[in-house]
Every structure is written in C-alpha cells, then in structure tokens.
Amino acid sequence: PRDYSKMRGNTWVSAIMPSERVALLLNVWPEVGHPTPMGFVWDGHTMHDATAIDLPHMQAPDGSPNESLVSITTDAGTEQLSVRATHRMNYTFDNPVGMILGSVGTHRSLVTESPADIDWNGEHTKGWYEKSFRIDG
C-alpha cells in the first residue's frame, strides 16, 4: 500500500522547449530527513540526470509561490528556469480524487496543479507546475 504520511510535500516542474530541450524537476520533502531531488535535462542530444535541484515549497493554500526561479544541476552545468503559474486547481488527495484509498495511515495533503509559462535561456513555452503539502500537521 501507498504511505503518503512519510511525505511532507513535493514540487514538480516540467517543460518541453521549441528547440526540443526538455527539463523535468521534482523534489520530495519527507517528514524526516533530507529532500529527494530527481530530474533530468535533455539537451536535444543527450540526457543529463540531475545532481541537485532547487524548487520552492508550497507556502499557502493558494499554491504560492506562483512565480519562481528554479534550477537544476547536471554534469553539463546548472540551468535556471523562470516559472509562472497561469492558473491553478487545488484539491486534496482524499477529496475529490480518492487517492488515499488503499493507502496506509491518515493524512490530508493539499495539491495545486498549475499550467505555467516557462522561460529558459531566451526560449518560452507552456509547461506544468505542481506542488503539494501535508496539512494535517
């Protein structure tokens, strides 16, 4: 069974640029311990796995911060992306989607899903900006 009670929150950003460069950034904050960063940059020829990721925590029920400068470090260097949520949909894991069915423990997480404007080294695209945070203490 899934056990969301060990996850304090997460932030996710994804973008596919017109030049076919791709960035995927994910950071999961556990209840105890250090964050778990995951992601990659596809430069159009080679996949570069993340060695470090800087993403903001969700700070309020409206999903803020709604604009961020995020970064991903790989063996090819550090890339920065400007991310701005253009809209948002807030929900909890339990209502209305029932994601806690079959999971262990009791908990409530607030999730914000957002389409986003993303700028990366002079290119612009539409991407995705997701954040979650446990609200049960």
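Which side chain meets that of Arg 84 in a salt bridge? The side chain of Asp 117 does, at 2.5 Å from N to O. The legends below place this pair and several others in the structure.

This is a predicted model, in which local features need pLDDT of at least 70 and side-chain atom pairs count only at pLDDT 80 or more, while totals for chains, interfaces and linings use all residues. Residues are numbered from 1 along each chain as its sequence is written, and side-chain values use heavy atoms, with hydrogens and water left out.

**Figure 1. The whole chain, with its strands.**
The chain has zero helices and ten strands; helices (H or I, at least four residues) and strands (E, at least two) are DSSP runs, numbered from the N terminus. Along the sequence the pattern reads β-β-β-β-β-β-β-β-β-β. Of the 137 residues in the chain, 42% are buried. Buried means under 20% relative accessible area, exposed means over 50%, and partly exposed lies in between, with a 1.4 Å probe and protein chains only. Contact means heavy atoms within 4.5 Å. Among the contacts in the chain with a separation of 6 or more, 51% are between residues 24 or more positions apart.

**Figure 2. Confidence along the chain.**
The predictor's confidence in each residue is given as pLDDT, from 0 to 100. The chain has a mean pLDDT of 86, and 82% of its residues reach 70 or more. Among the elements of the chain, the highest mean pLDDT, 97, belongs to strand β4 (residues 47-49), and the lowest, 73, to strand β8 (residues 89-92). Where pLDDT is low, the predicted coordinates should not be read in detail.

**Figure 3. The salt bridges around Asp 117.**
A salt bridge is a side-chain nitrogen of Lys or Arg within 4 Å of a carboxyl oxygen of Asp or Glu. By this rule the count is four salt bridges. One of them joins Arg 84 and Asp 117, with N and O 2.5 Å apart. This pair links distant parts of the chain, since Arg 84 is in strand β7 (residues 77-85) and Asp 117 is in strand β9 (residues 109-120), 33 residues apart. Asp 117 also meets Lys 126 in a salt bridge, again given as 2.5 Å from N to O. Salt bridges that share partners join Arg 84, Asp 117 and Lys 126 into one network. Asp 117 counts as buried because its relative accessible area is 10%. Arg 84 is partly exposed at 37%, and Lys 126 is exposed at 59%.

**Figure 4. The salt bridge between Arg 8 and Glu 31.**
The closest N and O atoms of this salt bridge are 3.8 Å apart. Glu 31 lies in the loop between β2 and β3 (36-42) and Arg 8 lies in strand β1, so the pair ties together parts that are 23 residues apart in sequence. Glu 31 has a relative accessibility of 39% and is therefore partly exposed.

**Figure 5. Asn 10 and Thr 11 in strand β1.**
Strand β1 (residues 7-16) holds Thr 11, and Asn 10 is found in strand β1 too. Thr 11 is buried, with a relative accessible area of 0%, and Asn 10 is buried at 7%. A polar contact is a pair of N or O atoms within 3.5 Å; within protein, one must be able to donate a hydrogen and the other to accept it, and residues adjacent in sequence count only if both atoms are side-chain atoms. The side chain of Asn 10 makes polar contacts with the side chains of Glu 130 (3.3 Å) and Ser 132 (2.4 Å). A polar atom of the Thr 11 side chain lies 2.6 Å from the backbone oxygen of Pro 56.

**Figure 6. Leu 26 in strand β2.**
Leu 26 is placed in strand β2 (residues 22-30). Leu 26 counts as buried because its relative accessibility is 15%. Leaving aside neighbours within four places in sequence, Leu 26 is in contact with residues including Asn 10, Thr 11, Met 38 and Leu 55. From C-alpha to C-alpha, Leu 26 and Asp 54 are 9.2 Å apart in space, and they are 28 residues apart in sequence.

**Figure 7. Charges over rings.**
A charge sits over a ring if NZ of Lys or CZ of Arg is within 6 Å of the ring centre and within 35 degrees of the ring normal. Arg 21 lies over the face of Trp 120, at 4.0 Å from the ring centre. The charged end of Lys 131 sits over the ring of Tyr 129, 4.1 Å from its centre.
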